[in-house]
Amino acid sequence: MSPWLASSWRLVLEGLQSKAAPHAWCIVHPPGVIASELTDRLVRLLLCLNPINHEPCDQCASCQIRETHPDLVLIEPEGAAGMIRVDSIRNSIHIAYTTASMGGQRVVFVRPADCLNQASSNALLKVVEEPPSGTVFIFQTALPGKLLPTLVSRLRMVKVPSPTLEILEKTSQSLGISLDDMMLAETLLVEPMAVKTDPEKFALARDVLTAMARIRNGEDSQMVVKSFAKTDALIASVVMERVCEKLIRAQFDDASNPVTATLAGPYPSVALLYQFKERIAEVKKQAQAGIAVNVGLALGSLFAAWGFICTKVQG
Ligand SMILES: [Zn+2]
């Protein structure tokens, strides 16, 4: 297994070895990046009839199956909407209550779990809470925030860390996208693959950072905010929060990152940055709750606050 997955795998093994081994896992991974290595191993381990030292044995009848395993139920999005339908959930719950055909455990694998809608999540709640004996659920997602909190509370979460620079380099080469862009997306959105999977979101993130740099350099915040009249308040506030965190951290260690590369110091004091972060959090909270935010006004006030704290360091 890749070295950067080792710590997550250890968490999985600790869980499996504990007295009450989880019967529902959620593997949270950085978007677009190789978590399948870990989930595949977990699936194989759970299905193995004769695991050796908590590793699949590779020898038993179950391990020998290379094609579709009869005791593995895959739940994936279907149709144009790309959602997981409540029908496929009901079907797989039905299967989960029948005996595993190989005599070992049965695994229900939901990927990506963020494609569950309200109805399909609700349909899962009860069976995930008390699954039929021998059935283990695995949810995989890069966007745990999109999962129903009542579902999340029933899952053992295992976070896969962001990939190393080396892995980003390899990925950017194989996909033909810029490494700088991927690192910027990683810094601002914690999603290096957003460059490819969600270019609009990435463009907005970059615009927000650029806007903050312009204001930092003395441009009028109300002029700058004009191009953001119809933007996504949630993404914008997430990005501003990340920028704040990077600037706060930059005052304790001098690690350079795409934010400090764009926004030259000196920076507002840590105390001012924390106050600013609180204001950002308010906007984020409203946006998350789906409260209709007047984006122009909300961002206007945030940009104005940013402009104000920037004047505190220019003197
Ligand atoms: Zn085996």
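V208 touches A236, V239 and M240, leaving out residues up to four places away in sequence. Two residues are in contact here if their C-beta atoms, placed from the backbone, lie within 7 Å. The model is predicted: local features need pLDDT of at least 70, side-chain atom pairs count only at pLDDT 80 or more, and totals for chains, interfaces and linings use all residues. Residues are numbered from 1 along each chain as its sequence is written.

Now step back to the whole chain. Its C-alpha atoms fill a box of roughly 75 × 40 × 40 Å, taken along the principal axes. The chain splits into domain 1 (3-159) and domain 2 (177-314), with bounds from an automatic or database domain assignment. Taken over C-alpha atoms, the centres of domain 1 and domain 2 are 36 Å apart. There are 14 helices and 5 strands. These are DSSP runs numbered from the N terminus: helices are H or I with at least four residues, strands are E with at least two. Of the 315 residues, 36% count as buried. Buried means that 20 or more other C-beta atoms lie within 10 Å of the residue's own; exposed means 12 or fewer, and partly exposed is in between, with C-beta atoms placed from the backbone. Among contacts with a separation of 6 or more, 72% join residues 24 or more positions apart.

Start with strand 1. Strand 1 runs parallel to strand 4 (residues 135-141), joined by 5 bridges. It also runs parallel to strand 5 (residues 156-159), joined by 4 bridges. Strands pair if DSSP finds at least two bridges between them. C26 has F139 of strand 4 as its bridge partner. I27 has V158 of strand 5.

H23 sits in the loop between helix 1 (6-17) and strand 1. H23 is partly exposed, because 19 other C-beta atoms lie within 10 Å. Leaving aside neighbours within four places in sequence, H23 is in contact with P131, T135, V136 and F137. E129 is 106 residues away from H23 along the chain, yet their C-alpha atoms are 8.6 Å apart.

Next, the cores. A nonpolar core is a set of buried Ala, Val, Leu, Ile, Met, Phe, Trp, Tyr and Cys residues joined through C-beta atoms within 7 Å. The largest has 43 residues, and A185, A205, V208, A236 and V239 have the most contacts inside it. Helix 7 (179-189), helix 8 (194-197), helix 9 (199-216), helix 11 (233-250), helix 13 (270-288) and helix 14 (295-314) each supply at least two of its residues. Helix 11 gives the largest share, 10 residues. A second, separate core has 37 residues, including I93, A113, I138 and F139.

Finish with helix 9. This helix has 18 residues and reaches 26 Å from its first C-alpha to its last, close to the 26 Å expected at 1.5 Å a residue. The expected span is 1.5 Å times one less than the number of residues. The buried residues of helix 9 include F202, A205, V208 and M212. Just after helix 9, G218 takes a positive phi of about 105 degrees.
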